[in-house]
Amino acid sequence: MSIVVTGATGALGLLVIDELLATVPADQVAVVVRNKEKAAALAARGVELRIADYDDPASLKGAFRPGERVLLISGSEVGRRVPQHTAVVEAAKAAGVAQLAYTGVLGGPGADFQLAAEHKVTEQLILDSGLPYTFLRNGWYNENYTENLAPVLEHGAVVASAGDGRVASAARADYAAAAAAVLTSDGHLGRVYELSGDVAWSFAEYAAEVAKASGKEIAYRNVPAATHQEILVGAGLPEAFAAILVDVDAAIERGLLAGTSGDLARLTGRPTTPIAASVAAALA
């Protein structure tokens, strides 16, 4: 039986492969990727490449085999994910896979912010398909913030419109380890995991961690949503995507990304990575 990972050349996918290859022989792992050249390093590690494109349903017909365990990593193109995910779900159903695990968003149906909409539709598609499923509802990655520290250091401020809201984030590697765990062990079919960090932090606390690690004065600047939108657009983000990020901050202020269920630590068998550790690593 093979384990198949879609979107395997992305940041999360590569970490999932690392986790799998630590416990599973490479000849039992396959990846579904669009670009053969981009996946050359995976092929060199003995992983089977299956070339297919979320946007080309016909190409997915040979992507899966009966009895395989499949991880559908959500597409990165906001606004295009429903048809893309539909194509994968239909191909997986036609192939008769034994498990379809999906990386959704923390809160599932209760997540009322824009970025969650396509994830909720995808979960319903999977339920309607009748496939054996596992829902991995990922919270925020530490890297969502630590990979964008340059403007924070330049301006001496963490700018957000989240008020005193808190974020229970964890490192991307933590979520990858959880995905690998449900693909390599039994007892996860029909299960829903709300994955998040062990501790929720505020943006004021995050600013303090950046200040501590950088040795610079860093403040938390909470701004109105409209101002936040203008700042993001001024920094070069497309207006529509900036609006989505501002909407996420509103969700954070409402407490929708603060949940600490403990599922992530239980699946990985270790504490989640604190935001302070990720900040320190990013600035090392």
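Colleague: Which residue in β9 does Arg137 stand opposite?

Modeller: Arg137 stands opposite Glu194 in β9. Keep in mind that this is a predicted model, where local features need pLDDT of at least 70, side-chain atom pairs count only at pLDDT 80 or more, and totals for chains, interfaces and linings use all residues. Residues are numbered from 1 along each chain as its sequence is written, and side-chain values use heavy atoms, with hydrogens and water left out.

Colleague: How many bridges join β6 to β9?

Modeller: 5 bridges join β6 to β9 (residues 191–195), and the two run parallel. Strands count as paired if DSSP finds at least two bridges between them. The strands themselves are DSSP runs of E, at least two residues, and helices are runs of H or I, at least four; both are numbered from the N terminus.

Colleague: What about β5 and β6, in which sense do they pair?

Modeller: Parallel, over 6 bridges, with β5 covering residues 99–105. Ala101 stands opposite Thr134 in β6. From β5 the chain crosses through helix α4 (residues 117–129) to β6, and this β-α-β crossover is right-handed. That word has a rule: with the strands pointing away from the viewer, the path from the first strand over the helix to the second runs clockwise.

Colleague: Why is β6 called largely enclosed?

Modeller: Because 6 of the 6 residues of β6 (residues 133–138) are buried. Buried means under 20% relative accessible area, exposed over 50%, partly exposed in between, using a 1.4 Å probe and protein chains only.

Colleague: Which β6 residues point which way?

Modeller: Tyr133, Phe135 and Arg137 point one way, while Thr134, Leu136 and Asn138 point the other way. In a regular strand the side chains alternate between the two faces of the sheet.

Colleague: New topic. Where is Ser169?

Modeller: Ser169 is in the loop between β8 (166–167) and α7 (172–184).

Colleague: Is Ser169 buried or exposed?

Modeller: Buried, with a relative accessible area of 3%.

Colleague: Which side chains make polar contacts with the side chain of Ser169?

Modeller: One is Asn142, at 2.5 Å. Another is Trp201, at 2.8 Å. A polar contact is a pair of N or O atoms within 3.5 Å; within protein, one must be able to donate a hydrogen and the other to accept it, and residues adjacent in sequence count only if both atoms are side-chain atoms.

Colleague: And Glu68, where does that lie?

Modeller: Glu68 lies in the loop between β3 (48–51) and β4 (69–72). Glu68 counts as buried, at 4% relative accessibility. A polar atom of its side chain lies 2.8 Å from the backbone nitrogen of Arg65.

Colleague: Now the core. Which residues touch the most other members of the largest one?

Modeller: Val5, Ile17, Leu20 and Leu71, out of 31 residues in the largest nonpolar core. α7 gives the most to this core, with 7 residues. Such a core is a set of buried Ala, Val, Leu, Ile, Met, Phe, Trp, Tyr and Cys residues joined through side-chain atoms within 4.5 Å.

Colleague: What does Leu71 contact?

Modeller: Leaving aside neighbours within four places in sequence, Leu71 is in contact (heavy atoms within 4.5 Å) with residues including Val5, Ala101, Leu136 and Leu183. There is also a second, separate core of 28 residues, which includes Tyr145 and Val279.

Colleague: Last one. How many helices and strands does the protein chain have?

Modeller: 12 helices and 11 strands. Of its 284 residues, 50% count as buried.
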